[in-house]
Amino acid sequence: MDVELIFAFAFAGCLLTVMISWLVFGRLSMARIENSIMAEGKPRPCPWDGVGGRLVWYAYAVALPESFFNDMDNRQLNTSDVKRYATSADRFRAWVFMIAGHAFVLLVFIAVIFDIG
């Protein structure tokens, strides 16, 4: 098999996984966590979304230890509020999204560096 063909299948599979996991995490995890936080009477966390960056912040907040965010100057998202409502299914969805997203970015860099495609 050709290296470019293998790379194309890996790239397509990774892209599809990112897109699906983005939708699944956003609809099943992030929306539920936000609704639970707002039901407490608190304002909507991270009110400005930009180009979908809010979902990435939620995935990091759900999957990574809280100490990771304590070192950052992150005023848009209260990690302890997010973690309080995150379930193990939410953590799994966040990890799938993060791994697929990082793998996709890595594949893009590999394609550019080695001039694949």
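Arg93 is placed in helix α5 of this predicted model; helices are DSSP runs of H or I with at least four residues, strands are runs of E with at least two, and both are numbered from the N terminus. With a relative accessible area of 22%, Arg93 is partly exposed; buried means under 20% relative accessible area, exposed means over 50%, and partly exposed lies in between (1.4 Å probe, protein chains only). Arg93 touches Val24, Phe25, Leu28 and Ser29 when residues up to four places away in sequence are not counted, a contact being heavy atoms within 4.5 Å. Ser29 and Arg93 are 64 residues apart in sequence, and their C-alpha atoms are 7.9 Å apart in space.

The chain contains five helices and zero strands, which gives the pattern α-α-α-α-α along the sequence. Its C-alpha trace spans about 55 × 25 × 25 Å along the principal axes. Of the 117 residues in the chain, 32% are buried. Among contacts between residues at least 6 apart in sequence, 73% join residues at least 24 apart. Residues are numbered from 1 along each chain as its sequence is written. Local features need pLDDT of at least 70, side-chain atom pairs count only at pLDDT 80 or more, and totals for chains, interfaces and linings use all residues, while side-chain values use heavy atoms, with hydrogens and water left out.

Helix packing was examined next. Two packed helices are described by the angle between their axes and the distance between the axes. Here the axes are lines fitted to C-alpha atoms, for helices over the stretch in contact, and angles run from 0 to 180 degrees between N-to-C directions. The axes of α1 and α5 come within 8 Å and cross at roughly 145 degrees. The crossing of these two helices is left-handed, meaning that the near helix is turned anticlockwise from the far one by less than a right angle (clockwise for right-handed). The contact of α1 with α5 comprises 21 nonpolar, four polar and three charged residues. In this division Ala, Val, Leu, Ile, Met, Phe, Trp, Tyr, Cys and Pro count as nonpolar, Asp, Glu, Lys and Arg as charged, and the others, Gly among them, as polar.

Helix α2 (residues 53-63) packs against helix α5 (residues 88-113) at an angle of about 120 degrees, with the axes 8 Å apart. The two helices are therefore oblique to each other; angles under 35 degrees count as roughly parallel, over 145 as roughly antiparallel, 65 to 115 as roughly perpendicular and the rest as oblique. This crossing of α2 and α5 is left-handed. On the α2 side the contact is formed by Leu55, Val56, Ala59, Tyr60, Val62 and Ala63, which meet Asp90, Arg91, Ala94, Trp95, Phe97, Met98 and His102 in α5. By class, the residues of this contact are 10 nonpolar, one polar and two charged.

The axes of α1 and α2 come within 10 Å and cross at roughly 75 degrees, so α1 is roughly perpendicular to α2. Trp22, Phe25, Gly26, Met30, Ile33 and Glu34 in α1 meet Arg54, Leu55, Val56, Tyr58, Ala59 and Val62 in α2. These divide into nine nonpolar, one polar and two charged residues.

In soluble globular proteins, nonpolar side chains tend to be buried together. The largest nonpolar core in the model has 18 residues, and those with the most contacts inside it are Phe25, Ile33, Tyr58, Val62 and Val82. A nonpolar core is a set of buried Ala, Val, Leu, Ile, Met, Phe, Trp, Tyr and Cys residues joined through side-chain atoms within 4.5 Å. Two or more residues of this core come from each of α1 (3-39), α2 and α5, with α2 giving the most, six residues. Ile33 touches Tyr58, Val62, Val82, Tyr85, Ala86 and Asp90, not counting residues up to four places away in sequence.

Arg54, in helix α2, counts as buried at 9% relative accessibility. Beyond its neighbours within four places in sequence, Arg54 is in contact with Met30, Glu34, Arg44, Pro45, Cys46 and Asp49. Asp81 lies in helix α4 (residues 79-85) and counts as buried at 7% relative accessibility. Residues up to four places away aside, Asp81 touches Ile37 and Lys42. Asp115 is in the segment after α5 and counts as exposed at 65% relative accessibility. Although not a glycine, Asp115 has a positive phi of about 55 degrees.
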